[in-house]
Amino acid sequence: MVLKKPVFLAVLLVIVIGFLVVYSVEMLRITNQRKFEIAVVLKTNNIRSDYWQMVSSGVKAAAKELAVNIDITGPLSETDTAGQIRNLDEALAKKPDAIILAATDYERLTPTVDKIRAAGIKVILIDSPIQTHVEASLIATDNIEAGRKAGKILAGGQNGSLYRVMTLSSRKGSIVEKDREDGFKDTIADFPGVEYAGNYAFDGTEDGAYDSVKDLLAQYPDIRGIAGLSETAALGAARAVKEKQRLNQINIVGFDSSIYQIKLLEEGSLQATIVQKPFNMGYLSLETAVQALNGIKVNPKVNIDAVVITKENMYTQENQELLFPLVEK
């Protein structure tokens with residue numbers, strides 16, 4: 001049956017109108033028609049923490065672009081879990097549309113996050129997971145892969161003789177450090193000339209790492225490589241090895257990029273450091289929260305790659321931007 005021209009035009013008009021309606025509805029979902037209120041609770045909001053201030057800068061950049069109201073808080077110390085729980089309770093009382101959280105503790109934050117989710121508030125986790133998976137999305141560095149990168153660097157120092165390496169982590173044992181340790185061990189197992197001497201814990205402070213490594217070097221004089229699974233671990237290890245005048249015998253790999261670690265890289269006390277991308281993490285967390293609030297299905301887990309920085313590549317433009325970010329204070 002052939003449609004007459006008026007009928008054809010009417011059908012075409014209905015199709016066009018239908019398309020425009022669907023398109024308009026979709027655009028209303030994607031574009032934020034009202035300003036969402038999003039609370040951001042970091043591990044620390046201390047202005048001395050370049051890493052978390054860079055995460056904050058990423059959140060602020062995305063909030064400005066997406067026209068979202070944000071409230072960024074966090075305790076003064078990354079070890080103050082009780083303080084972070086108070087921050088979350090205060091945020092919950094304001095009834096935001098979503099909460100972005102960088103959890104300080106894998107287990108202790110779970111009840112509070114369960115309470116937030118029960119209130120109908122969407123939760124986006126960044127940097128670290130928690131014990132129960134109640135978040136809309138987890139955006140974090142792929143710490144297992146980061147650990148593998150640290151392992152490859154230290155294993156590369158093997159010269160044919162037995163080469164013993166160890167990892168150093170806080171006694172608290174964060175899931176982030178555990179993932180880095182697992183990735184490290186997996187890689188070391190692929191190198192027959194390298195022996196893993198185990199993971200050794202300290203109290204989470206630089207002085208604690210320093211004391212632990214001094215004791216370990218006395219007990220195990222054949223250690224040739226140390227992977228400090230956090231900034232404090234790397235700084236304490238480097239101090240102890242320098243004091244024992246064994247920098248020419250022991251290679252050290254760290255994580256993150258404080259000004260102190262950069263100095264150690266420049267002087268050769270640190271062979272490499274594995275650097276994360278905190279700005280990207282902050283930006284993606286806010287973008288993901290807005291998408292989830294608009295009813296768009298979000299990726300439940302977003303892995304962000306880490307970068308190996310050495311003395312040889314630290315002066316490239318890309319790596320300089322990672323090491324010396326323009327942090328908005």
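Q: What makes a pair of residues count as being in contact?
A: Contact means that heavy atoms lie within 4.5 Å. The model examined here is a predicted one. By this criterion, and leaving aside neighbours within four places in sequence, Val241 is in contact with Val213, Leu217, Ile226, Arg246, Leu247, Ile250 and Ile252.

Q: Which residues have the most contacts inside the largest nonpolar core?
A: They are Met166, Leu168, Val213, Ile226, Val241 and Ile309, in a core of 30 residues. At least two residues each are supplied by strand S6 (163-170), strand S7 (194-202), helix H7 (206-219), strand S8 (223-228), helix H8 (231-243), helix H9 (259-267) and strand S12 (307-310). The largest share, 7 residues, comes from H8. A second, separate core has 24 residues, including Val55 and Ala289.

Q: What makes a residue of H2 count as buried, and which residues are buried there?
A: A residue is called buried if its relative accessible area is under 20%. In H2, Tyr51, Trp52, Gln53, Met54, Val55, Ser56, Ser57, Gly58, Val59, Ala62 and Ala63 are buried, so each of them falls under that cut-off. The buried residues of H2 pack against strand S1 (37-41), strand S2 (69-73), strand S4 (122-126) and helix H10 (278-293).

Q: How does the span of helix H2 compare with the span expected at 1.5 Å a residue?
A: Helix H2 (residues 50-66) has 17 residues and reaches 24 Å from its first C-alpha to its last. The expected span is 1.5 Å times one less than the number of residues, which for H2 gives 24 Å, so the helix is close to expectation. Just after H2, Ala67 takes a positive phi of about 55°.

Q: Why are S7 and S12 said to stand at the edges of the sheet?
A: The open sheet has 6 strands in the order S7-S6-S8-S9-S10-S12, with mixed pairing. S7 and S12 each have a single partner strand, so one side of each is left without a neighbour in the sheet. From one strand to the next, the twist averages 20°.

Q: How do you know that S9 and S10 are paired?
A: Two strands pair if at least two bridges are found between them. The bridge partner of Phe255 in S10 is Ile274.

How values were computed:
Residues are numbered from 1 along each chain as its sequence is written. This is a predicted model: local features need pLDDT of at least 70, side-chain atom pairs count only at pLDDT 80 or more; totals for chains, interfaces and linings use all residues. Side-chain values use heavy atoms; hydrogens and water are left out. A nonpolar core is a set of buried Ala, Val, Leu, Ile, Met, Phe, Trp, Tyr and Cys residues joined through side-chain atoms within 4.5 Å. Buried means under 20% relative accessible area, exposed over 50%, partly exposed in between (1.4 Å probe, protein chains only). Helices (H or I, at least four residues) and strands (E, at least two) are DSSP runs, numbered from the N terminus. Axes are lines fitted to C-alpha atoms, for helices over the stretch in contact, and angles run from 0 to 180 degrees between N-to-C directions.
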